[in-house]
Amino acid sequence: MGLAEKQEGNVHFKSICMLSASMLLAGGVAAHAGTLADVKARGVVRCGIGPNNPGFAFRDNQGNQRGFDIDFCRAIAAAIFGDPNKSEFHVVEPRDAFTVLTTGGVDVLTHRFTWTFNRDNGGGAEFTQALFYDGQAFMVRKSLGLKSVKDLNGATICAAQGTTTELNVADYFRQHNLTYKIVTFNGTDATRLAYDEGRCDAWTNDRGSLASRGQALKDPSQHAILPETISKEPVGPVVRDSDTQWAHLVRSVGFATVAAEELGLSSANVDEHAKTSTNPEVKRLLGVSDDLGQKLGLQPTWARSIIKLVGNYGEIFDRNLGANSPLNLSRGLNALWTNGGLLFSPPFR
Amino acid sequence: MTRPIAFLRKCISSPLNALITLVILFWLLTTVPPFFDWAVFKAVWNGQSSRDCANVDAACWLFIRLRFQQILYGGYPATEHWRIMLCGATGLVALITLSSPVVRNKVFASLALTIVFPVFAGILLRGGVFGLAPVATAQWGGLMLTLVVALWTIASALPFGLGLALARRSKMPVVANLAIFYIDVMRGLPLVGLLFLAIVLFPLFVPPGVEVNALVRTLIAFSLFNAAIMAEVIRGGIQSVPKGQYEAAISLGLSHWQAMALSVIPQAIRAALPGIVNVSISIMKETTIILMAGMFDFLGVLQGSLIDPDWLIGDQIRQTAYFFAGLVFFVICFSLSRYSVYIERKLSPQGNK
C-alpha cells in the first residue's frame, strides 16, 4: 500500500538532488532561523500528505480534510498556534516526498512512510518516532479453506508493482522454502481488481490496507486475512535532519497524544483535569505546575491545546481508523504498552 | 423522408453489407441496453449516504451528487463560492460582449481583456484585499482549478506564442535564433519534467525563507511550455499567408508593423485556428497533470474522493467516478471544438457575407 511504496530505486537520484541542495543552501542555512520561526512567521504549518491512503488523508462528503495523518498535522498546528486549522496540506507523491521535504516545500511529512534504515540515514531526513505499526499480510478466499501462509505453497500472489511488499514476499517464502508465483500490478486498486477477478489465489499488502481496500471487493464477506504478519511497517512523521528544535517539537506532539491517552486525558475532560487534577505528571504535561512548552519554543498550554482541539491518540485512531470509522481496525500493535501494544511515551518530567 | 429510406436500403444492398449491418445491430443490442441499465435505470440517484449505493451493481450518481460542491470548488470555503461564480459570470459576459458587433476594435479589446481579466480574477479568487477574505491557493481545487489553469494557459500562450512566432521569423539573427533556441528546448522537454523543475527543484535556487506560491510556479511552467507549442502553430499560419499580401500592404503605404497587424496576422490566425484549438484542447486535458504538483484539480478531487473510507463499498463507485470524469472532459473538449468550427465558419470569406 501507500506507505510501502518506497521507490528505493530513486535513492541515487534523490541523493544527487540533496547534495546539490546542501551545496546551494550551505551559505544560507547558518544564518537561517529555523523551521519553527518560519512556521510562526508564515502563520501556518505545511504538512506533506500521501495521495492514496484511505483513513490517513482524505476529504469527507462535506469537503473537510480528515484522517490519521491529517490529525497529526492539526495537532502540530494546535501546539504551535492553539488553532488546529492553521495547517496546510500538500499532497506529495511518494517518490518526490523526501525531495520536497529537504528542499523546504513542506515542514513535515505526515505521509504514512515506513521507517527504514535507508530512509532515516539516506541524507537530509529523519523519522521522529513510530506512531502507527502495521505489517504485511495476505488476503485469500474463504472457499479455499486456507489456515496459514504455509498453505500458500505454490500459490499465485497479487502485489503492487515496485513496492517492498513484493520483496517481503520473496524473503519470507524463500526463508520458509515455499514456492510461489507473483503477479504485479500498477497500484493498489489494479491489484485488488485482479485479485477480485480471480487472477491469483492471494492478495498481499499491509494488513490495514487489506482491511480497508478489501471493503471494495465485490463480496467482502467471502474473503479473509491470514493470521501471519510477515513484515514490520512502523510508520511515523519525517522532518529535515538539519533542524533539531523542530524534530523535538514534532516528536513531543506525537508523544503528548500518547501520554494523554495513558493519563486518561481526552478532548472532553482535559479542561476539567487541568483545574482539578492532583497527578503531578498531568499537571506538568498540561502546563499547570511546570512550563515544558518553553523548551520547545511553545506556550505552556501546548499539550492542553493538542488534547482539547484534536484529541488523544486513542481518539485520533478511533475516529479515523478504528471503531468510529468505516475501516473498523482493531488497535492491535497500536494499543498502549499497558494494553499489550507497542505505543508508549517517555515520562513528561 | 426519402433519405432515411435510401440509407436503410444501402445497409442491405449486398450480402456483405447485410451481414455487416446484422453484426453492428447485434453489437448495439448487446451493449446499449446494459449500458443504459448501468448508467440510468438501475443507477442510484437519490439517498442520504454511501449505504444507499452498497450492493448496487450500477452507477452511483449519489456519490457525485453528495460531492458536487467539492468537485466544482475543491476545498474553497463554502461561504466564498459566490466569488468563483461571479468571476465565471464576468468572464462569460466579457467574452459575449467581445464577440458581439458592439465592440469595434476587437484586437484592442481582446488584448485589454487578457490583461485586465486575470488581474481581476486573481484578486477576486485569492482575496486578502478590499475586504475579501483571503483564500490560500492550496484550498483551490476541483473543476474551478482545472478551468483556472486551462484558461490561464490558453490566454497567456496565445500572445506569448504569437510574439515567439514573429521573433522566429524576424530578420534580426539574434532575435530569431533566441526564439528558435527557446522553442526547440521547450518542445524537447516533457511537461512533467518542467513541472518537476518548477515544483521540486525551483526551491533549491531561491534563498531559504523565500517562497513562491506553488500555483504560480505551475501556471508559469504551463505558460512557458505551451507558448512554444502555440508559436509553431501560429508560425505555420503566418507562413501560409502569400508574400503578395504583405507586399500589397506595404505598397499601400503601411509600415511593417501595420502590414503585419492589419493584413498578415489576421489571415495567419484564421489559417492557424484549427491548430490553435487543437493545442487548446490538449492543454485542457493535460491540466490533470497538476496533481503531481500536489494540487487537486477536477480529476484529483474525484480520485481523492475514492479513498474516503466511507465510500469503500465496491467497485461501482470507482466506475462512476471515472465515467463522470470522462463525460465532463468530453463535454468541455467537444464544445471547444464545436466553437472553433463556428469561429472558422464566421471567419471564412464566404461566411462573412
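**Domains of chain A.** I looked up the spacing of the two domains of chain A in this predicted model: the centres of domain 1 and domain 2 of chain A, taken over C-alpha atoms, are 31 Å apart. Domain 1 covers 2-133 + 234-327, and domain 2 covers 136-231; such bounds come from an automatic or database domain assignment.

**Conventions.** I note that residues are numbered from 1 along each chain as its sequence is written, and that chains are lettered from A and ligands numbered from 1 in the order in which they are written. Local features need pLDDT of at least 70 and side-chain atom pairs pLDDT 80 or more, while totals for chains, interfaces and linings use all residues; side-chain values use heavy atoms, with hydrogens and water left out.

**Interface of chain A and chain B.** I find about 2,900 Å² buried between chain A and chain B, 63% of it on carbon and sulfur atoms (buried area is the accessible area, 1.4 Å probe, that two parts lose on being put together, summed over both). In chain A, the residues that lose the most area to chain B are A:R59, A:N61 and A:V91, together 22% of what that side buries. The contact (heavy atoms within 4.5 Å) draws 37 residues from chain A and 29 residues from chain B. I searched this interface for salt bridges (a side-chain nitrogen of Lys or Arg within 4 Å of a carboxyl oxygen of Asp or Glu) and the rule finds zero.

A:R46 lies in strand β1 (residues 45-49) of chain A and A:D107 in the loop between α4 and β5 (108-109) of chain A, so the pair ties together parts 61 residues apart in sequence. Helices (H or I, at least four residues) and strands (E, at least two) are DSSP runs, numbered from the N terminus. I note that both A:R46 and A:D107 are buried (under 20% relative accessible area; exposed is over 50%, partly exposed in between; 1.4 Å probe, protein chains only).

A:D271 and A:R304 form another salt bridge, the closest N and O atoms being 3.3 Å apart. I place A:D271 in helix α10 (residues 270-276) and A:R304 in helix α13 (residues 302-309) of chain A, 33 residues apart. A:D271 is partly exposed at 23% relative accessible area, and A:R304 is partly exposed at 27%.

**B:R83.** I located B:R83 in helix α5 (residues 81-99) of chain B. B:R83 counts as buried because its relative accessibility is 0%. Leaving aside neighbours within four places in sequence, its contacts include B:Y76, B:L124 and B:R126.
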